[in-house]
Amino acid sequence: MPEQLWFTEFLNHLFAGPVTGLLRALHIEPSYPQAPITNAVSMQVLVFLFLVVLFALVRSRLSVDKPGALQHVFEGVHGFIVRQSEEIIGHHSEGFTPFLVALAFFILICNLIGLIPGFESPTAVPMVPLGCAVTAFIYYQTQGFKHHGIAYLKHFMGPMWWLAPIMLPIEIISHVARMLSLTVRLFANMFAGDMVTLVFFSLVPVGVPILFLGLHIGVSFLQTYIFILLTTVYLAGAVAEEH
Amino acid sequence: MPSPGENPESKSVWVQIARYSQLAFIFPAATVAGWLIGEGLDRWLHTTWLYLVGLILGIVAGFVELIRMVSGSDSE
């Protein structure tokens with residue numbers, strides 16, 4: 001049985017039976033049928049629940065006359081992403097803001113939750129950044145098709161028709177590579193952050209690890225920013241007019 | 001998120017930093033992606049040479065993405 005965090009144990013205690021049943025129905029045999037929910041999944045569930053409560057709280061307290069501290073923070077993040085999208089995508093970028101803000105908060109909280117004792121960062125497990133990257137990939141491709149219709153496929157064919165047989169596989173590979181690079185960057189940074197803190201904690205248990213925890217906070221924000229920025233750049237490429 | 005400040009030029013600097021940090025990743029990522037796709041096709045079609053084609057196309061795709069990023073036109 002793998003080591004489980006308290007929240008994972010709690011979820012497994014409640015849902016181990018139905019989850020194992022569901023996995024078996026999909027012809028997947030879990031390694032531990034008594035504990036099919038892993039720490040990464042339970043942490044994501046926790047982050048999801050936290051964000052739902054947080055967004056509901058902000059929604060219920062919205063006020064034009066007396067905006068609270070929480071509303072200021074959310075308006076700041078929203079405004080930042082709106083300005084950045086306008087800078088990169090141009091006008092008509094407002095429609096992408098909800099997705100980008102939600103993804104940003106999800107990744108940021110996933111990165112930061114590992115700093116609290118008793119929790120761990122789900123983004124330090126490769127499947128979670130991969131899930132975020134696949135979501136971003138599906139979203140920007142869908143927006144591309146929505147914007148251009150079937151003509152979006154021309155994006156993959158290169159500038160001249162006779163180049164299409166060469167350009168198509170190259171474009172497909174470069175789009176897959178974008179997903180891979182988003183995944184590896186986020187995963188490697190979060191994993192390395194955890195490892196560095198652990199190593200220094202085992203060497204000098206007092207004082208020094210705090211520096212690395214600080215570094216981990218900085219890296220968490222920076223990686224969230226880069227992930228969202230690159231998603232915006234890819235979105236801009238998918239919905240760009242000129243070709 | 002690190003605030004880039006109000007001035008549009010400093011904002012562009014942040015965008016540039018993030019874009020150029022992508023340069024280090026995109027070339028190996030494209031190579032690995034090409035190889036993985038080729039390897040997958042090899043297993044699916046029971047061939048033994050598609051991994052090489054995937055690898056070469058991956059390297060080419062890496063160069064194409066690199067040149068696009070550096071020339072500032074990104075994917076388009």
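Modeller: First, a term. A nonpolar core here is a set of buried Ala, Val, Leu, Ile, Met, Phe, Trp, Tyr and Cys residues joined through C-beta atoms within 7 Å. A residue is buried if 20 or more other C-beta atoms lie within 10 Å of its own. Keep in mind that this is a predicted model.

The largest such core has 56 residues. Those with the most contacts inside it are I173(A), A177(A), F227(A), L235(A), A29(B), A30(B) and A33(B). From chain A, at least two residues each come from α2 (39–60), α4 (97–112), α5 (127–148), α6 (164–203) and α7 (208–239). From chain B, α1 (8–45) and α2 (50–70) each supply at least two as well. The largest share, 12 residues, comes from α7(A). As a general point, nonpolar side chains tend to be buried together in soluble globular proteins.

Now go in at I173(A). Leaving aside neighbours within four places in sequence, I173(A) is in contact with A30(B), A33(B), G34(B), I37(B), L57(B), G58(B) and A61(B).

Take A61(B) from that list. A61(B) lies in helix α2 of chain B. With 28 C-beta neighbours inside 10 Å, A61(B) counts as buried, because the cut-off is 20 or more. Residues up to four places away aside, A61(B) touches I170(A), I173(A), S174(A) and A177(A) in chain A. In chain B, A61(B) touches A30(B) and G34(B). A61(B) and A30(B) are 31 residues apart in sequence, yet their C-alpha atoms are 6.2 Å apart in space.

Next, the contact between the chains. Chain A gives 26 residues to this contact and chain B gives 25. On the side of chain A that touches chain B, α3 (69–88), α6 and α7 of chain A each give two or more residues. That side of chain A divides into 19 nonpolar, 5 polar and 2 charged residues.

Then the helix pairs in chain A. α6(A) and α7(A) pack with their axes 9 Å apart, at an angle of about 175 degrees. That makes α6(A) roughly antiparallel to α7(A), because angles over 145 degrees count as such. On the α6(A) side, the residues in contact include R178(A), L182(A), R185(A), L186(A), N189(A) and G193(A). V196(A), T197(A), F200(A) and F201(A) also belong to the α6(A) side. On the α7(A) side, among them are V208(A), F212(A), H216(A), V219(A), Q223(A), F227(A) and Y234(A). By class, this contact has 15 nonpolar, 5 polar and 2 charged residues.

The pair α4(A) and α5(A) also supplies residues to the core. The axes of α4(A) and α5(A) come within 12 Å and cross at roughly 175 degrees. α4(A) and α5(A) are therefore roughly antiparallel to each other. From α4(A), the contact takes F99(A), L103(A), I107(A) and C110(A). From α5(A), it takes V128(A), C132(A), A136(A) and Y139(A).

Step back to the chains. Chain A comes to 7 helices and 0 strands. The C-alpha trace of chain A spans about 60 × 55 × 40 Å along its principal axes. Of the 243 residues of chain A, 35% count as buried. Among contacts in chain A between residues at least 6 apart in sequence, 63% join residues at least 24 apart.

Chain B has 2 helices and 0 strands. Of its 76 residues, 26% count as buried. In chain B, residues 24 or more positions apart account for 46% of the contacts with a separation of 6 or more.

6 residues of domain 1 of chain A are in contact with 7 residues of domain 2 of chain A. The domain 1 side has 5 nonpolar, 1 polar and no charged residues.

Last, two loop residues. H27(A) lies in the loop between α1 (6–25) and α2 of chain A. H27(A) is not a glycine, but has a positive phi of about 60 degrees. With 6 C-beta neighbours inside 10 Å, H27(A) counts as exposed. In chain B, H46(B) sits in the loop between α1 and α2. Phi of H46(B) is positive too, near 55 degrees. H46(B) counts as exposed, with 6 C-beta neighbours inside 10 Å.

How values were computed:
Residues numbered from 1 in each chain as written. Chains lettered and ligands numbered in written order. Predicted model: local features only at pLDDT ≥ 70, side-chain atom pairs only at ≥ 80, totals over all residues. Helix = DSSP H or I, 4+ residues; strand = E, 2+ residues; numbered from the N terminus. Buried ≥ 20, exposed ≤ 12 C-beta atoms within 10 Å, placed from the backbone. Contact = placed C-beta atoms within 7 Å. Nonpolar A, V, L, I, M, F, W, Y, C, P; charged D, E, K, R; others polar. Axes fitted to C-alpha atoms, helices over the stretch in contact; angles between N-to-C directions. Parallel < 35°, antiparallel > 145°, perpendicular 65-115°, else oblique.
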